[in-house]
Amino acid sequence: MPVVMEMENTILRMGEDIQRALRKAVDERHWAMVIDLTKCVGCESCTIACKAENKTPPSVSYNIVLKEETGTYPNVREVFVPRPCMQCQEPPCVPVCPVRATFQRPDGIVAIDYDQCIGCRYCVTACPYGARSFDFGESYGEGTPQTPAVYETVATYEYGKVQVRRQDASPIGNVRKCHFCLHRLNEGLLPACISDCIGRSRYFGDLSDPDSLVSELLAERYSFRLREELGTKPSVFYLS
Amino acid sequence: MKVRQLLWILIAIALVIGAWGLFQRITQGHEMAGYGNYIVWGLWTSMYLYFVEIAAGVYILITLAFLYGVQPLARWLRLGIFIALVSLMAGLLHIFLDLGHPWRFWKVFASPSFTSVMTFMVWTYALFGLLLLVQLYVEFTSGDERLLRVLGIIGLPLAVAFSGGVGALFGVQGARPFWHVGMFPISFLITALASGTAVLAFVAAFLLPKLEDREALIRQLSRLLLIFVVAEALFLFADYSISLYGALPHNVAAVLLVIAGPHWWAFWIIQVLIGLVLPAVILFHPRWSQQIPAVGLAGLMVAFGFTAVRLNIVVPGLAVPEIEALRTAYFGPHLSFYYFPTLAEWAVTIGITALAGLLFLVGLDRLPLVDPDLREA
């Protein structure tokens, strides 16, 4: 099958997996992400897609790509490891929150209630993956005549709420993180980083569904999770 | 009263600086801060720890002396309670300004999560603060010793709980080996006792009226301070030597940052030399340890030097990346693994410290903090 056709099929397949999962009760779903490191080229399209979708400010990026160079010239290789939030099944960030602003949903996604968060940042110190950021209130428009930049005045749909970022109001002063584009998932759409991956290195679906693509991939291929020794049980798996 | 006049001048200048810092914090939010998304806690968190530990240390020491009738320290209960109150206020003011949404602090009471050590801390601070107010009220009104003893028996475990609890706040962080130290609650308690005794020694030497038992009080504080300073040094040595010998990379990197990093001087000069070695020399010296100004100076040195103790716990634990590649993954403001407080952060800390000093001096002048039975020497 031509590569393009295969990629389209993958997207359709994951879309069907999501629809099937949405028909189940929330606590019967386990959203998970699988990232094939052999396909990732480090283009950061996932980072950009996430920025565009969630309109995150300068110091906040829910998705980043870790880069590591190994070997000595001429035998050099660069390894790319995209890092969204791991949506740990045993999240160290949840029990430390003093006000229950960060919590684990029944479907495994670790969410933040922006109106509840006091901005103490204890959860940031507890995350072993550096996946949480504090919104310091910065704007990409700073130093230009247009502050905030026009696209920063557009509403976001995080956690299903239509919200425009304004000074002195949440999410400024809050801790923020990747939520697997929960607002898109609830509409049957894939997370932005999955749809926009140019190499189709990222897969998404319901791990509790044995027929989902992510379940199949994890059964067929060798996978690992970041810093597994900490017992956090991430819901993000890497294929290598 | 030259020391007091000098303090008034310093406080006035510091309050102006603090007002500027507060203005920056109010107008710019957290954008003015040097802390960021990796080193999320900085000077203000460290100073919060510093001041609440002074509150705990002073209170534990004075209350124990009061409950067991250890003279002459037992006669200074109300002074100790007042210092603890002012110090607690300075600590909580720091953490209030450090919060992203300070005015939501009430949520810790309204919808608390009891799985968080932080909730436990906030609740114990609130109870402790209330207890201090009640104790002062009883002291200034009926002076009922039996009631004061009951309040002291309630307050003592509270103070031990929150000074040790701050250690637990860091100790429970399994993913950060530099903080994940089982003895932290105990070593924090020792630090609290050392810094509390140091503040008492400074106050007794330079700010209290020349009362009949002042010399005996200073000698007592001198011996106690020496014990706590030596204990602090032992805990520090045990922690760092075991960390280095254990060779866990993250832990070793953090310890090396402290002792040989860009801010090595904060450790070797402020924390070790000024905070531990010089005071120990003075307090161990047969003649100097009996002289009031020398013991007061030792107290001042410990109190100053221990600011670095807190910074050297908070910052290095965050300055080593959880994953090394984070250093180069994403760039922007507030995304550095290097931290040095900004001018606005320093200004706020200077201002809060001055405010605490102002409240203390006003209290010393206007409130009956000295036992009325004590006579001028």
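User: Is Q87(A) buried or exposed?

Analyst: Happy to start there! This is a predicted model. In it, Q87(A) has 27 other C-beta atoms within 10 Å. A residue counts as buried when that number is 20 or more, so Q87(A) is buried.

User: Where is Q87(A) found?

Analyst: Look at the loop between β3 and α3 (93-96) of chain A; Q87(A) is found there.

User: How should I read a backbone angle such as phi?

Analyst: Here is the general idea: most residues other than glycine have a negative phi. Now the case in this structure: phi of Q87(A) is near 45°, a positive value, and this residue is not a glycine. R227(A), also not a glycine, has a positive phi of about 50°.

User: What about peptide bonds? Which ones are cis?

Analyst: As a general rule, most peptide bonds are trans. In this model, the bond from Y73(A) to P74(A) is cis, with omega near 10°. The bond from S170(A) to P171(A) is cis too, and its omega is near 10°.

User: Where can I find P74(A) and P171(A)?

Analyst: P74(A) is in the loop between β2 (64-72) and β3 (75-83) of chain A. For P171(A), go to the loop between β6 (132-134) and β7 (175-177) of chain A.

How values were computed:
Residues numbered from 1 in each chain as written. Chains lettered and ligands numbered in written order. Predicted model: local features only at pLDDT ≥ 70, side-chain atom pairs only at ≥ 80, totals over all residues. Helix = DSSP H or I, 4+ residues; strand = E, 2+ residues; numbered from the N terminus. Buried ≥ 20, exposed ≤ 12 C-beta atoms within 10 Å, placed from the backbone.
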